[in-house]
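Please look through the structure below with the side chains displayed. My notes on its aromatic contacts and on one of its helices follow as numbered points.

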Amino acid sequence: MIKIFVLPSIMILCGVLHHNLRKKNPGEETVTSFLARESAANGTRRKDISDLPYISVPFDTLPLDITLNDEKKQSQIANYKTVITDLSQKKMLNLIGVNNTELKERFGPANLEALTICDQNYSNYIRTLHLFAEAIYDEYPEDSVKILEYCISIGTDISKTYELLGRHYLMNRQTDRFLSLYEKIPDTASISGKIILNKLEKIKS
């Protein structure tokens, strides 16, 4: 009977451990130190999160009211705009590179669920914006670039955003803008950061 109750607990702990450690570089944090941090984080008091840098959708500057000649793509961007409009009514936070333990340390475990939802909304937002920009690029490259540049300004780590923007810059001989992309990668040591670096290097060569 004891094993029936202990096993799920062990599995849950392993799952949490894996989720947190996979965001770290190998060797950066040992299992022992992680468990100690996790235990301390679970005792953190709830902090006020009302003044965090929530992201709002700048409808007045984003070129989302576009009509394409390609009917299929037009239908796609209509769906993307619906998603973006829906997300504009929700709270969004860029928490890229911040794991659950760190969130609990900073804001308390009572805020973890709310912050996770904000992070998920942000991820959905930048992913949808990228798809929108990708869909309109052939007919409206400059408007597409505006959206891609906005995504980078709010910290996206989507490698395809950097790749499309980088190709556009080089194709239009905007070398300085291309090189500036290296400085805007959120975390060059992370997995996503290394992927972005690799793609930019391939484009440059």
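1. Y125 is buried, as is Y150, where buried stands for under 20% relative accessible area, exposed for over 50% and partly exposed for what lies in between (1.4 Å probe, protein chains only). This is a predicted model, in which local features need pLDDT of at least 70 and side-chain atom pairs count only at pLDDT 80 or more, while totals for chains, interfaces and linings use all residues. Residues are numbered from 1 along each chain as its sequence is written, and side-chain values use heavy atoms, with hydrogens and water left out.

2. There are two aromatic pairs in the structure, a pair being rings of Phe, Tyr or Trp (its six-membered ring) with centres within 6.5 Å, counted as stacked if the planes are under 30 degrees apart, edge-to-face if over 60 and tilted otherwise. The ring centres of Y125 and Y150 lie 6.2 Å apart with planes at 75°, so this pair is edge-to-face. It links distant parts of the chain, since Y125 belongs to helix α5 (residues 112–136) and Y150, 25 residues away, to helix α6 (residues 141–153); helices are DSSP runs (H or I, at least four residues), numbered from the N terminus.

3. For F178 and Y182 the ring centres are 5.9 Å apart and the planes at 85°, so that pair is edge-to-face. F178 and Y182 are both buried, and because they are four residues apart in helix α8 (residues 175–183), about one helical turn separates them.

4. In helix α2 (residues 31–41), the buried residues are F34, E38 and A41. They cover an arc of only 65° around the axis, which puts them on the same side of α2, the arc being that of the directions from the helix axis to the C-beta atoms.

Definitions and conventions
Helices (H or I, at least four residues) and strands (E, at least two) are DSSP runs, numbered from the N terminus.
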